Structure formats: C-alpha cells, structure tokens
Amino acid sequence: MEESYKKTRILITGSDGQLGQCLKKIEEDHLNLEMYFTDYDVLDITKKEDLLSFFSKNKFNYVINCAAYTNVEQAEKEPQKAFEINATGVKNIAEVCLEYDITLLHISTDYVFDGEKGAPYTEIDKPNPINEYGKSKLAGEQYAQNILEKYFVVRTSWLYSEFGRNFFKTILRKSESESELTITTSEIGTPTNANDLAKFLILVIQLNSDKYGVYHFSNLGEATWYDFTSEILSVSGKLNEIKLEKTDNYPTFAVRPKYSVLDKGKCLNLFDLEIPNWRASLREAIKN
C-alpha cells in the first residue's frame, strides 16, 4: 500500500556520537519522518565539495548537525582542528542549507559563556568563551546565524547517555573497580540526558516551527560534578560502596566556566513541552 503522505526528510550528521545514537533510538517512533544518518566516514562536513555533491543527490527538509569536536582539553592543544569542525564545518553546512532551502538545527554549548554571571544564562546574554572549545563553538553559531534565516541553534550542557564516552558512563565504570573517587565542586551546570535533547529536536521538526533563533535546552536544576557523581552512585546503589570525596581544586588544561546553567524560559514558553529535572532524568537513564 502506497503512503498517502510525504515524509519529512532529515539528515543527521555526526550520527555515531551519543546524540546521534539517541536520535536513532527514537526513529521508529516517528513514521512520518525519514532520517538519514551519516558520520564523518560517510560525510565530512569540513569538505565543502563533498557536501555539495552529497546534497545534489539527496533531498532533505532538515539537517540536525550533531558533528562536533568535543574534547575540551585537547582543543587547547589543537585549536585549528576544533575550529575546522566546529566553525568551518558549520559554515559549510549552513551555505549548503541556504542553497537548497533546508532548515538547520545546530547543537551548541553552555561553554560559549564565561561563567561569571552567577545566574542562569538566557539567549540574549552576551557570549564570552574562555577556552578554545567554547570559542570554536561560538564561531559555528555565528556562521549559522549570519548565513541562514531558517535555523535553530540549540545550546545544551553536560550531555550524557547510555551511548558513547561521557561522564555518566565513566562514573558507572569506575564504580565497578574503584573504592574511592575525588570529584570537583568548582563547576556548576546542569547534567542533561541526550535522550531528552533528541526528543526536543524532533518536536521542533514535528511542529514545523518557524520560530527560528537561538535556544537553550538542558534538564532543569543545577549541580556540581560532585553532585552529579553522588546521584549516579546513589541511584545505581553504589554510594555505600565507594568513598566519595569533594575537591575545589581539580587542575585541567582548559579553563572552564564556573557557572554555566542555562535558562530554559524561552524554550518552555514557545514550545509545548515538559523538561524533566536532571535527577529525574538520571534515574530514568539508570533504570533503562
């Protein structure tokens, strides 16, 4: 039987990362969407000619750009590579989206802020990144905004999931082999379940929204990395088995914002969605 409707076609770049895999997980729940997943081995966003060739053969309504250089520490040592992917790559995608009239959903970060505000950052707060990763991501945002009218730049924070390499999985792994953990209290942000972000991105597409612009999406609430660790161990039943210590001096190569909580007011006001608290979403992640 032929389908009586035309599916919305979505390209997901960087699909082997944790957000891309969370989108793959919910693909079968959205039969009106046709998702096409690519990673850098199939589509390298830093190569403009490859993008042009690919888009000339494939038609899309949306691009969700999950492709990113995300190693904050390593970005200090090789900023050129970080900018090549996080800035030039986004410029390439935006130019191709403009040529083919495609709406871009681009993922950015809380690290575009310096952390000095001491209160949740809104979309109108002025970015001031303090490390190379944040600078490269801000440059990518600016390319998307300057080139396109039809774009959603979605800043998020402290992403984790059951996929890929992330803090959540690292703590769960260490809880199986170590008896003592020392975790920093020097940063405050919001742990965000990548599955919740994936659902939000799909909601924007399902609504065929034209409310273009910059948005903040993370789970609700705030935490230090110590708080996040404590909750992971508590929910997984490991807290009594491990000696958990706090430290406010955890040296890293890259300087990080001390407070990078994102204000979700715009998201909540313009879209009909419920955003779970980070603790509730973490419990769901461990249960599943």
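Predicted model: local features only at pLDDT ≥ 70, side-chain atom pairs only at ≥ 80, totals over all residues.

Visitor: Which helices each supply at least two residues of the lining of the second largest pocket?

Guide: Those are helix H1 (18-26), H6, helix H7 (194-206) and helix H10 (278-287). H10 gives the most, with four residues.

Visitor: And what volume does that second largest pocket have?

Guide: About 290 Å³. A pocket here is found on a 1 Å grid over the protein atoms alone, as an open set of points where a 1.4 Å probe fits, with protein on both sides within 12 Å along at least five of seven lines; lining residues have an atom within 4 Å of a point. Points are joined across faces, edges and corners, and the volume is the space filled by probe spheres set on them.

Visitor: Which residues lie nearest its centre?

Guide: Lys25, Asn195, Glu284, Ala285 and Asn288, out of 16 lining residues. The lining divides into six nonpolar, four polar and six charged. For those classes, Ala, Val, Leu, Ile, Met, Phe, Trp, Tyr, Cys and Pro count as nonpolar, Asp, Glu, Lys and Arg as charged, and the others, Gly among them, as polar.

Visitor: Switching to packing: at what angle do H6 and H8 pack?

Guide: Helix H6 (residues 167-177) and helix H8 (residues 225-235) pack at about 55°, axes 10 Å apart. Axes are lines fitted to C-alpha atoms, for helices over the stretch in contact, and angles run from 0 to 180 degrees between N-to-C directions. H6 and H8 are therefore oblique to each other; under 35 degrees would be roughly parallel, over 145 roughly antiparallel, 65 to 115 roughly perpendicular, and the rest is oblique.

Visitor: Which residues meet there?

Guide: From H6, Phe167, Phe168, Ile171, Leu172 and Ser175; from H8, Trp225, Phe228, Thr229, Ile232 and Leu233. Contact means heavy atoms within 4.5 Å. The residues of the H6 and H8 contact divide into eight nonpolar, two polar and no charged.

Visitor: What about H4 and H5, how do they cross?

Guide: At roughly 15°, with the axes of H4 and helix H5 (residues 132-147) coming within 8 Å. That makes H4 roughly parallel to H5. The residues of their contact divide into 12 nonpolar, four polar and five charged.

Visitor: And at what angle do H2 and H4 cross?

Guide: Helix H2 (residues 48-57) and helix H4 (residues 79-100) cross at roughly 30°, their axes coming within 10 Å. That makes H2 roughly parallel to H4.

Notes
Residues numbered from 1 in each chain as written. Heavy atoms only, no water.
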